[in-house]
Amino acid sequence: MGDIMDEMPDWVHDFVSPPRFKPYLKAASGDVATAVRLYWWNIEVSSAFYPSLHFLEVALRNAMHRQLAGTFARDDWWETASLLKVSLSKVYAARAKLTERGRPPKPLTADDVMAQLSLGFWTSLTSKRHDQILWVPCLHRAFPHYRGARERLHRELDTVRLFRNRIMHHEPIFHRDLGADRRTILRLLGYLSPRLLEQLTPYDRVEAVLEQRPVFRPDPGEGDR
């Protein structure tokens, strides 16, 4: 592989780095031109997922926040809800981060804190540990079009969380079943409201980009599903 690495464009050596480029080269069976196409396609398909991931994350946290605020009769519901220590610490860390940044230039609101919390935080609220304290009393109502078990919903949310993190950290996703990833995201949006799917449709480019996928040899060892 050393000789092949010498054939790579200078920008790969200087800015991408051979180790980061290696999965693309391996998938392309050592063909540098195909590996380069695959690298750029990975960026393109990652960007194509952004609208649906953005929409899901924003809609999810607002739907869950709305139910929690209503149940505990206060916008800063975390002060009353029996959150696990690890979850409560994330809320306080988010609040501290906003204060350190000097934002916003007004007293912090619950909305400010809520928007700072990660997808991982909201996903964790659907876990088994929060079943009796949050899911049963109120959080199930955030998903009015879902009729399954909490466990399955949590698995789907966690799958999307891991997928979203790969994209946001600029990792390879070309080896995944991206059609299945897209269906999971759309399914979760549908659980919240079918209207969300209607709004997303004009901006969802994933299927079109998937049709342009370069031909390569999938490596089973590269998968992470």
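The following exercises, each with a worked solution, concern a predicted model.

Residues are numbered from 1 along each chain as its sequence is written. Because the model is predicted, local features need pLDDT of at least 70 and side-chain atom pairs count only at pLDDT 80 or more, while totals for chains, interfaces and linings use all residues; side-chain values use heavy atoms, with hydrogens and water left out.

**Exercise 1. Determine how many helices and strands the chain has.**

Step 1. Helices are DSSP runs of H or I with at least four residues, strands are runs of E with at least two, and both are numbered from the N terminus.
Step 2. Under this rule the chain has 13 helices and 0 strands.
Step 3. The C-alpha trace spans about 65 × 40 × 30 Å along its principal axes.

**Exercise 2. Describe how α5 and α11 pack.**

Step 1. Axes are lines fitted to C-alpha atoms, for helices over the stretch in contact, and angles run from 0 to 180 degrees between N-to-C directions.
Step 2. Helix α5 (residues 50-72) packs on helix α11 (residues 178-192) at an angle of about 30°, and their axes are 10 Å apart.
Step 3. The crossing of α5 past α11 is left-handed, that is, the near helix is turned anticlockwise from the far one by less than a right angle.
Step 4. With contact taken as heavy atoms within 4.5 Å, S52, L53, F55, L56, A59, L60 and A63 of α5 meet I185, L188, L189 and L192 of α11.
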